[in-house]
Amino acid sequence: MFAASSEGKTEGLCEGTLVLTKFGWRAVETLQADDEVMTFDHGYRPLRRIARSLSLAGSADCPDHGQLVAVPAQALGNRDAIVLQPNQYVMIESDMAEDAFGDPFVLVPAHALTGYRGIARADTAQRLSVYTLQFADDEVIYVNGAGLVHCGGTSTAGLEQLIGGNLPSYISLPVEAARAVIDALKEGDETGQEDDAAL
């Protein structure tokens with residue numbers, strides 16, 4: 001979620017990331033509250049809040065979860081190369097995830113994708129501006145082509161809403177489970193099977 005991740009870091013989109021809005025693709029840094037953004041599940045939804053911070057780029061010897069992630073063009077359905085926060089959740093589609101969790105679409109932290117289709121730690125210590133987008137509820141949005149990333153919601157839900165299943169439900173995998181799913185995707189690539197991944 002856009003709040004804290006398991007490593008205590010936050011999600012967010014680095015400057016220059018293109019977001020699909022009602023008026024076409026726009027750089028994340030140009031967005032404002034109430035702009036309508038295309039979501040994976042619910043069509044266009046207005047942004048509730050946008051916050052700017054600095055990326056958590058670390059030195060080359062820092063752990064994966066502290067280093068920006070470089071995703072080459074086309075690696076995960078993204079039209080252009082993109083730099084992600086290490087703990088930005090991205091949506092992937094996987095047969096293994098469907099078998100294990102009952103849903104082919106799962107969220108994985110970006111740093112778990114390193115080593116897959118040329119995805120690597122970003123070779124930079126430059127700190128970029130990062131923009132946190134929030135909607136009324138959790139959403140998955142389109143970036144840089146067909147990429148899919150998770151954004152958190154601002155609303156709070158009571159227990160009855162959670163029990164009633166009225167909120168979006170995305171399966172967020174911990175790092176080890178995410179890496180197992182990514183390993184299965186790698187094997188699919190090697191054997192020519194069509195197991196999809198979307199950024």
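Residues are numbered from 1 along each chain as its sequence is written, and side-chain values use heavy atoms, with hydrogens and water left out. Because the model is predicted, local features need pLDDT of at least 70 and side-chain atom pairs count only at pLDDT 80 or more, while totals for chains, interfaces and linings use all residues.

A nonpolar core is a set of buried Ala, Val, Leu, Ile, Met, Phe, Trp, Tyr and Cys residues joined through side-chain atoms within 4.5 Å. Buried means under 20% relative accessible area, exposed over 50%, and partly exposed in between (1.4 Å probe, protein chains only). The largest nonpolar core has 34 residues, of which Val19, Leu133 and Ile141 touch the most other members. Elements that give two or more residues to this core include β12 (129–135), β13 (139–143) and α3 (175–191); helices (H or I, at least four residues) and strands (E, at least two) are DSSP runs, numbered from the N terminus. The largest contribution, four residues, comes from α3. Another core, of six residues, lies apart from this one, and Tyr89 and Leu107 are among its members.

Beyond its neighbours within four places in sequence, Ile141 is in contact (heavy atoms within 4.5 Å) with residues including Val19, Leu133 and Cys151. Cys151 is buried, at 0% relative accessible area, and Cys14 is buried at 1%. The structure holds zero disulfides, a disulfide being a pair of cysteine sulfur atoms within 2.5 Å.

Strands β2 (residues 18–21) and β3 (residues 24–27) run antiparallel and are joined by four bridges; two strands pair if DSSP finds at least two bridges between them. They form a hairpin with two residues between them, and Leu20 stands opposite Trp25 in β3.
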